[in-house]
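This report describes selected local features of one protein chain.

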Amino acid sequence: MNFPKTRVALVASTALLVASGAAPSVAAPVPGHGRTSVALAWYDTTADTIATAGSSLPPVTNSRTWAISWIAAARALQHVPSGVDRGDYQDAALAAAVHRALVELVPTRAPELDAALKQTLDRTPDGPAETLGAAAGERQALEVLHDREGDGLDAASVNAPFTVPPAAPGVWQPTPPAFAPAIQNGSRFARPFLLKSAGQFRLPPPPAPTSKRYRTDLKEVRDFGELNSTVRTARQTDTANFWFDSSPALWTKPIRVALAATSHRPLPGQAELVALTHATLVDTQIATSDSKYTYPLWRPVTAIRTGVGEIPADPSWTPLRPTPAHPDYPSGHNTYAGAAETVLTALVGPRTAPFTLTSGTAPGVVRTYTAWHQLTLENMDARVWLGIHTRLADEAGVALGTDVARYGLNHARSLFQEH
């Protein structure tokens, strides 16, 4: 099966682009201090809140927290009452919206969130603008929270049990060493933010295990993804270990880089960038679960230990890193990368000022990037070199994430309409 290359020359329908014109080709570096730094401050507060309190939650649940908080902020900034200072009103509205949503969703962080809100409001002059802005932010947060009640993105619902099919060639089975039950099966039953349904962009079936494409890709994983591979280079090993970290954790800084590049734009557009990116990433994870469990394709470790066609069984074959407990097709890291790249390219352009990334699964490794597509390419390679995904699953992931993101960009206005 051949998947189309990611195409990123998109026209977004969000107010961010309507207000500022075409997306620039190069993202600007982080600006100096100014009024709009409130968006960066609350972005960092959201990131710290989720990093501290969300480590035990499914990634899609944390993405939901991001999306709810920043949709509320974007809605709160839509209208400014006459007779008040616009900047003061919007600063208070954004801070209050994100604060209230995060306090409701992550109550253990209430003291830190209260302190962050006080810091923002202390910099905002007392008066009607601050009072009305804070009230609007609170109101929108509570309304978005109410709207998303029972959406199926809580941890228990996301990890709904999956009945493992009988063992057969190509069929997913729990993988060594833990042979753990499948996770994230329930995401496909959750309510998306923008998609009409989880299966709206369902992938076509993967190639059969006996196909030339599958056997070619499996050989690549066998050779380059084995724990003690003699063909994988040190650089490739570093790349693999780097991208073994969770996608939400690794993409937090790139999204912040994109946000910083919009700091010269009106504050509502900045809030929309964060909200749309994370709402799209929630929908992408829902769509990923739909395709994974519609086509529960076995993981490379199962295929290699079993043997496929002329590829002999190797019962002792072990991947560089343990295989996550869900099917191969598509790669979730790559759906995430395809979606994030597509949205950020549409909103701030394909290239960025140089920025560095570190990873919790590759201590001491520092990577520098100047384009979103570089992150996508590394994701695709890394999953093969880790020994946990076939390249066909990686390419399918990018294609799916791209489709979901395009749809989100074209329907973004509905996300920011007050209810």
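A residue is called buried when its relative accessible area is under 20%, exposed when it is over 50%, and partly exposed in between, using a 1.4 Å probe and protein chains only. The model is predicted: local features need pLDDT of at least 70, side-chain atom pairs count only at pLDDT 80 or more, and totals for chains, interfaces and linings use all residues. Residues are numbered from 1 along each chain as its sequence is written, and side-chain values use heavy atoms, with hydrogens and water left out.

Helices (H or I, at least four residues) and strands (E, at least two) are DSSP runs numbered from the N terminus. Contact means heavy atoms within 4.5 Å.

| Residue | Relative accessible area | Class |
|---|---|---|
| Tyr-369 | 1% | buried |
| Phe-355 | 5% | buried |
| Gln-90 | 6% | buried |
| Pro-324 | 23% | partly exposed |

Rings of Phe, Tyr and Trp (its six-membered ring) pair if their centres lie within 6.5 Å; planes under 30 degrees apart count as stacked, over 60 as edge-to-face and the rest as tilted. The structure holds eight aromatic pairs. One of them, Phe-355 with Tyr-369, is tilted, at 5.9 Å centre to centre and 35 degrees between the planes. This pair joins distant parts of the chain, with Phe-355 in strand β1 (residues 351–358) and Tyr-369 in strand β2 (residues 366–371), 14 residues apart. Elsewhere, Phe-162, Trp-172 and Tyr-293 make up one aromatic cluster.

A charge sits over a ring if NZ of Lys or CZ of Arg is within 6 Å of the ring centre and within 35 degrees of the ring normal. Arg-148 lies over the face of Phe-193, 3.7 Å from the ring centre. The charged end of Arg-367 is placed over the ring of Phe-242, 5.8 Å from its centre.

**Helices α4 and α8.** Gln-90 belongs to helix α4 (residues 86–105). Leaving aside residues up to four places away in sequence, Gln-90 touches Leu-77, Val-80, Leu-267 and Pro-268.

Buried residues of α8 include Arg-213, Asp-217 and Glu-220. Among the elements that cover the buried residues of α8 are α12 (300–306), α14 (372–385) and α15 (391–410).

**The loop at Pro-324.** Pro-324 lies in the loop between α12 and α13 (332–348). Its contacts, not counting residues up to four places away in sequence, are Thr-175, Arg-299 and Ile-388. The C-alpha atoms of Pro-324 and Pro-176 are separated by 9.6 Å, although these residues are 148 residues apart along the chain.
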